[in-house]
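I opened this structure for a look around and kept short notes as I went. They follow below.

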Amino acid sequence: MASAPYDHGLPRLFRNARLATLAAGREGLGTVERGAVAIEGRRIVHAGPEADVPQAFAARAVTVDCEGRWITPGLIDCHTHLVHAGNRANEFEMRLDGATYEKVARAGGGIVSSVRALRAAGEEALFAQSLPRLDALIAEGVTTVEMKSGYGLDLDNERKSLRVARRLGAARNVTVRTTFLGAHALPPEAGGDSDGYIARVAHEMLPALAKEGLVDAVDGFCEGIAFSPEQIARAFDAALALGIPVKLHADQLSNLGGAALAARYGALSADHLEHADEAGAAAMAAAGTVAVMLPGAFYFIRETKVPPVELFRRHGVPMAVATDCNPGTAPLTSLLLAMNMAATLFRMTVAECLAGATREAARALGVLAETGTLEPGKWADLAVWDIESPAELVYRMGFNPLHARIWRGQ
Ligand code: DI6
Ligand code: FE
């Protein structure tokens, strides 16, 4: 592709392209064979047949010949814990040597070791350690990333995590959505008092962080090893009272009715869902809650229970795909590989995987009005790929065919 002068103010026309618009209402990928995308400022003004681009626009636009390459919406990673300190490679090695979960925990492993590492890291160090993970996603055409807290577990350290997430978004041409995951694990100093800790999450930490503009959504980990549905409900009540949408780590290791709980709160998404049942799927469909598939965690912990993809299809539950990038169960910074895993391990189709990393991921973050498809009026978030067919984005493992990436017109 000829390198055109990238003046942000000039209208631009990406022509001679094949488009996967993912536009709602179009079949499958919303494919346009002889397509073009026209950009004015930060927004798309046309995405469709090249023949439909107004002459007057073409005459004044800087034109880029895409030489038949494919253009998709910029990819969206809608579930990450990429702001974290240190790593748990030692724990991984211990497990390979046959250590049980209990032995790893006794040796100081597990979530608490990541909490310790994050608390010990200064804000600059946390930023510096997290930036390469963000850059790895960006290199694959990701234009929007969600980032959760949840390794701080006290006000100062949750604030530090969310501030770093905001700073990462300011440091790169990428949209960052922050999620407060105070209800991730019980911090050691809580002395086993999970009700007391949830009260602090709901009535001290959340209001303070929300007031500082650091919280776009609230998440929780609903699991036997984490928090009960009743405790999660208390955190969700506080979120909705502040007008903040919720999402949930639901039914990952067991079925506590997490999917239905999320739906009851009108959650943007319920995530993991390996153990979700039909009642949960039906409730999610009725609430418009997105099912976020996280095959990287499934793979890494060698889970055997596959999430009920067929149930989600049958009930019309939208499905997204994300990395879950975290040091404990998914040290993964490739959304393309997550798509391959969703297809291989969960039998999702190419169209479902691509929609899951674009349109449905945008829906899971509440930003579908702004991004996630190639449609006029949306941010000009695009990825241009050196591929012959969209299936190649899902089919390959560990190969990155990104040719160019545009974030909000830049
Ligand atoms: N589910 C997970 O798989 C991770 N968090 C969560 O809520 C585990 C996080 C970790 O082990 O550090
Ligand atoms: Fe997660």
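I started with Arg-177, which is partly exposed, at a relative accessible area of 25%. (On this scale buried is under 20% relative accessible area, exposed is over 50% and partly exposed is in between, with a 1.4 Å probe and protein chains only.) Its side chain meets that of Asp-216 in a salt bridge, 3.9 Å from N to O. A salt bridge here is a side-chain nitrogen of Lys or Arg within 4 Å of a carboxyl oxygen of Asp or Glu. The two residues sit 39 apart, Arg-177 in strand E8 (residues 175-183) and Asp-216 in the loop between helix H7 (194-211) and strand E9 (217-220). Asp-216 counts as buried, with 18% relative accessibility.

A note on ground rules. I am reading a predicted model, where local features need pLDDT of at least 70, side-chain atom pairs count only at pLDDT 80 or more, and totals for chains, interfaces and linings use all residues. Residues are numbered from 1 along each chain as its sequence is written, chains are lettered from A and ligands numbered from 1 in the order in which they are written, and side-chain values use heavy atoms, with hydrogens and water left out.

Next I looked up the other salt bridges. The structure holds 29 of them. Arg-163 pairs with Glu-123, with the closest N and O atoms 3.0 Å apart. Since Arg-163 is in helix H6 (residues 155-171) and Glu-123 in helix H5 (residues 123-138), this pair ties together parts that are 40 residues apart in sequence. (Helices, H or I with at least four residues, and strands, E with at least two, are DSSP runs numbered from the N terminus.) Arg-167 and Glu-124 form a salt bridge too, at 3.2 Å from N to O. Arg-167 lies in helix H6 and Glu-124 in helix H5, so this pair ties together parts that are 43 residues apart. I noted Arg-167 as partly exposed at 27% and Glu-124 as exposed at 52%. Shared partners join Glu-123, Glu-124, Arg-163 and Arg-167 into one network.

Then the metal. Which residues coordinate the iron ion (ligand 2)? I found His-79 (NE2), His-81 (NE2), His-249 (NE2) and Asp-324 (OD), at 2.1 to 2.2 Å. Donors are N, O and S atoms within 2.8 Å of the metal (3.2 Å for Na, K and Ca), and water is not among the atoms, so sites may look incomplete. The four donor atoms subtend angles of 80 to 164°, which makes the arrangement irregular. In sequence the spacing of the donor residues reads H-x1-H-x167-H-x74-D. His-79, in the loop between strand E6 (75-77) and helix H2 (89-96), and His-249, in strand E10 (residues 247-250), are 170 residues apart. Both His-79 and His-249 are buried.

Last, I checked the side chains around the largest pocket. It is lined by 33 residues, with Arg-95, Tyr-101, Ile-225, Ile-301 and Thr-329 nearest its centre. A pocket is an open set of points on a 1 Å grid over the protein atoms alone, where a 1.4 Å probe fits, with protein on both sides within 12 Å along at least five of seven lines; lining residues have an atom within 4 Å of a point. H2 gives the largest share of that lining, four residues.

Terms used
Tetrahedral: all angles 85-135°; square planar, octahedral: opposite > 155°, others 65-115°.
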